[in-house]
Amino acid sequence: MTKAIIFDLDSCPAAANEVGDQLFAPAFAAIRAANRGTVTESSLHEAFGECWRCAFDFLAAKYQFSAAMRNAGWEAFRQAEVTEPMHGYGDIAVIKEFPVQRFLVTSGFRRLQESKVRALGFADWFAAIHIDAIDEPHRKGKYGIFKELLATHGLQPDEVLAVGDNPDSEIEAGNRLGMKTIQILRPGVPRSDSATRQIHNLAELKELL
């Protein structure tokens, strides 16, 4: 029996780039200026596309950014903040309908992720919200946060659904803990067979409860 759902934020209830590409433009410009031939333009374009779905530290390692590129991007991303209202995907309100405990766990720069939560105005839909802040020391990661949620709320792994888009983040953490993992295939999200199953929208979650 499902007693709780852990939701990711980006590409789950809301698109990471909902407010527009200008949100990350300063960071992309800073990274490109610091590149100096380390990463090809095509790889840089690929990395920037993935920045909307993956944490920056993960991408910097994946695309072998130089220290200068990583530092330039890091400082710019730390200043990024959403200052206008966000609405999320059209099915976002379905989250309120699930008669189970609901949690939100999101990875990224704290200032940016907290600003998205404020912009969406849905904090009171969740029993708890946790930011897996990549710009703070002693980071627990989603695995550590998920594990703490189980202990704090007296939940067993098979009583929890972990819902998100990223197979290397929330899906991987949920699988390691023995949770049922649900990959939501929002536009542009590549399918991964590592999840227990896939859905295309939040309304489909009702069938799993």
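1. In this predicted model, F7 has V163 of strand 4 as its bridge partner. The two strands concerned, strand 1 (residues 4–7) and strand 4 (residues 160–164), are paired in the parallel sense, over four bridges.

2. Helix 7 (residues 170–177) packs on the sheet, where it touches strand 4 and strand 5 (180–184). The direction of helix 7 makes about 160° with that of strand 4.

3. As to the sheet as a whole, six strands form an open arrangement with parallel pairing and the order 3-2-1-4-5-6. Strand 3 (128–133) and strand 6 (197–199) stand at the edges; each has a single partner strand, so one side of each is left without a neighbour in the sheet. On average, and with direction ignored, neighbouring strands are turned by 25° against each other.

4. Helix 6 (residues 141–152) lies across strand 1, strand 2 (101–108), strand 3 and strand 4. Relative to strand 2, helix 6 runs at about 160°.

5. Turning to the aromatic residues, the structure holds 15 aromatic pairs.

6. Which arrangement do the rings of F77 and F109 adopt? Their planes are at 15° and their centres 5.7 Å apart, so the pair is stacked. F77 lies in helix 4, whereas F109 lies in the loop between strand 2 and helix 5 (110–120); the pair therefore ties together parts that are 32 residues apart in sequence.

7. Are the three phenylalanines of these pairs buried or exposed? F56 is buried, at a relative accessible area of 4%. F77 is buried as well, with a value of 3%, and F109 is likewise buried, at 4%.

8. These residues belong to a cluster linked by ring pairs, whose members are F24, F28, F48, W52, F56, F65, W74, F77 and F109. One of the cluster members, W74, also has R70 over its face, at 4.5 Å from the ring centre.

9. A further placement of a charge over a ring involves R176 and Y143. The charged end of R176 sits 3.8 Å from the centre of the Y143 ring.

Terms used. Residues numbered from 1 in each chain as written. Predicted model: local features only at pLDDT ≥ 70, side-chain atom pairs only at ≥ 80, totals over all residues. Heavy atoms only, no water. Pairing = 2+ DSSP bridges. Axes fitted to C-alpha atoms, helices over the stretch in contact; angles between N-to-C directions. Contact = heavy atoms within 4.5 Å. Phe/Tyr/Trp six-rings, centres within 6.5 Å; stacked < 30°, edge-to-face > 60°. Buried < 20%, exposed > 50% of the residue type's maximum accessible area, 1.4 Å probe, protein only. Lys NZ or Arg CZ within 6 Å of the ring centre and 35° of its normal.
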